[in-house]
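Hi,

Here is the structure I promised to pass on. Have a look at it first, then read my notes below.

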Amino acid sequence: MSYPSVYPTGVTVYNPEKCWSGFTIFPARELGALLIDMNGAEVNLWKGLHGFPNKLLPGGYVLGHTGERSNAFGMQDQIDLIQVDWDGNVVWKFNQYEYIEDPGEEPQWMARQHHDYQRAGNPVGYYVPGMEPQVDKGNTLILCHKNVKNPKIADKVLLDDVIVEVTWEGEIIWEWACNEHFDEYGFSEEAKNILFRDPNWRASGGGMGDWMHINSMSVLGPNRWYDAGDERFHPDNIIWDARESNIIAIIEKKTGKLVWKVGPEYNTSPELKELGWIIGQHHAHMIPRGLPGEGNILVFDNGGWAGYGAPNPGAPTGAKNALRDYSRILEFDPVTLKIVWQYTPAEAGFTMPVDASRFYSPFISSAQRLPNGNTLITEGSGGRIIEVTQDHELVWEYISPYWGDKLKLNMIYRAYRVPYEWAPQAERPQEVAIKPVDVTTFRVPGASNLRKKETVVDGVWSFQGDGALCVAADEELDQ
Amino acid sequence: MSYVLFTATGCTRCKIVKNFMTDHGIAFEEKNMKAEGKDDFKKFYSANRCFITRGQDGVEFPVLTDGEEIRQGIGASIAYLSAGKRLDGFFCVGTLHKEWVDGIHPCSGNLEHADEFLQVMRYLKKSSMKLQVETSGRNSHVLKQILEEGLADKVVMNVVGPTALYSKILRKPVVESDILKSIPLVAQFPSYQFQTTVAPIIRQEGDVPEISYLTPAEIGEIAKLIEEGTGNKKNPYLIRLFKSSESKDERLKSIEPLSSLFPYRTAARAYQVLTELEKVI
């Protein structure tokens, strides 16, 4: 996929008539937690605050972390989860999950948090009318890491994913460990074989198998499925997704058992085949009651490379054997598995499949449903946040100008839109429309768009459409 | 006295007991329950079910009888052959397999026969078995001897409660300093673990006894004792769930189970950072 070396950053498109306007919070690479308005003005930068992710709470509080454990000893272990007020004061903190003594480092308690957390009051960690997250009380669900050995899975140390529930006072009152439910995930014998040999081996900490890599975790909340009698969707149940295994699952809070899933294979039923392979996904969650699409599962289906199974030319050992070079946002019915809405390169206006990778983030990323039916999408690897309507119209776009020094990416892990009222300390901003520039005539200073001569050639035929490229377009494949 | 030894094909422990009997000129009849002794063992088991332990993995062999007493497992069998009933309490049926022998309790049994108890341990060790000892902390001088002679490969200390509650919990006189002496000894073994079962305690006897579970604060006290005794906050410490069905006291069988052990872990981790909860399958 070609990517220009020079392009505008900040907000490049804004249609105030069609947007659900508010502030947007995201972790700016190697900078801090950044809150911007719809025109890209930086309302508050909590400098140095790590975010995996950052979430804004009512009252102008932000959640994040003071730091990350050295990669020499851990992988993506955030030291703590803290709640910080508008002026940078830490008002709440949790770190008492594991006592860590790394060589050359100060021994300390760490949360080993990664990828997600949820504060009571709101199931998904983003704005839902009538479901405000608690800011001065309430429990927090936190996704953490734990090193375990489980000979059923592999003969190596595993970096397991654990969900803990902690009280406001910091007491752990519930804990669930992913590896203890291995038999429930439905891995094939081929998958188990390669998983045993290579549980996604990562070098950190002397080596550990990041076998599932759960990257999102949220509560279902009240929903129509449970109201209709389907116990799998109890409001307290937790939905998570594991990008290495391509699994999205719901566990029963009461017992810890799996009660619903899609993956790891997507060819085992007609419904799954129609849903299509979900690969390396992020941010799978149930759209909460109160938002358009409530009860449906919304997920950023990254594509990229993930899964365990049979070898193929793109995956010679069978590790990461599902491959795709574009992303999809899927909203699907969890009972019928029918896709209710989607945003893929096709809806984004790109020719499939030859230009599909113009909408593609092989890692990180997210999708948030907004109250007016729009969706805020973080196409994370390129630092791009967009808001699209139900009809797939792009009504807001922001490109992060913050590139890391230590890691040369302007990546955004996950962005959230919040109502202006959640940051009462900030002045309500002016909303100024930004019409998309015509890229065909847009030139940087010094570049010319002058046509010095136009010459007519006799006997030439007019140009055809795109029906016969060197590779088949989607319309041909559908036939 | 004539002995019958019930064995199983391929059973290493049975072989060791047979060697002991042969070396000591003790006559016995072997009945292999997987071969010619199958029917005899069935009959024997039916007639003596309450004296033979059937664990999760089945019946542990060898099973020894002299017509009056029955002993099961390698430790209890050799102890009985060496010293008759004098060593009762020191050995019981274990749960470990292959080269590991457990069910060894230096804290139980009659201390007058501690030397004979150690003799049995020496024999087992010479037979290349790996020995796991379990202790409540009583008889610390026996534990010390075990340590000095390298007789145990692993020690599990059941710290049943704060030392002030030990006598109440074990229902026998306990010298608190004896328990405190055991704690640092345990931490010197090649492999060890401290553990506490969060059990209900009869705090006050009477017509209506006062019964309540060990509290998180009391678990915290135990964890602090371990820290003070070992000088280390990083000992392996397991908090275990009480199983009322296994209680020997009828009054405790009907106690409501605890809803969560997490507060206990939090309290313990203030002093023992590696405290974990027993996983219940």
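**Two helices in chain B**

Let's start with a pair of helices: α3(B) and α4(B) sit oblique to each other. This is a predicted model, by the way, so keep that in mind as you read. Helix α3 of chain B covers residues 74-83 and helix α4 of chain B covers residues 114-126. They pack at an angle of about 125 degrees, with their axes 10 Å apart. The crossing of α3(B) and α4(B) is right-handed.

Which residues in α3(B) and α4(B) meet? On the α3(B) side they are B:Ile74, B:Gly75, B:Ile78, B:Ala79, B:Ser82 and B:Ala83. Their partners in α4(B) are B:Glu116, B:Gln119, B:Val120, B:Tyr123 and B:Leu124. Sorted by class, this contact has seven nonpolar, three polar and one charged residues.

**Chain A**

Now over to chain A, which has four helices and 31 strands. Its radius of gyration is 23 Å, close to the 23 Å that the globule rule gives for 479 residues, so chain A is as compact as a globular protein of that length. Along the principal axes, the C-alpha atoms of chain A fill a box of roughly 80 × 55 × 55 Å. Of the 479 residues in chain A, 44% are buried. Take the contacts in chain A between residues at least 6 apart in sequence: 57% of them join residues at least 24 apart.

**Where the chains touch**

The contact takes four residues from chain A and five residues from chain B. On the chain B side, those residues divide into three nonpolar, two polar and no charged.

Cheers

Conventions: Residues numbered from 1 in each chain as written. Chains lettered and ligands numbered in written order. Predicted model: local features only at pLDDT ≥ 70, side-chain atom pairs only at ≥ 80, totals over all residues. Rg over C-alpha atoms; globule rule 2.2 N^0.38 Å. Buried ≥ 20, exposed ≤ 12 C-beta atoms within 10 Å, placed from the backbone. Contact = placed C-beta atoms within 7 Å. Nonpolar A, V, L, I, M, F, W, Y, C, P; charged D, E, K, R; others polar. Axes fitted to C-alpha atoms, helices over the stretch in contact; angles between N-to-C directions. Parallel < 35°, antiparallel > 145°, perpendicular 65-115°, else oblique. Left-handed = near helix turned anticlockwise from the far one by under 90°.
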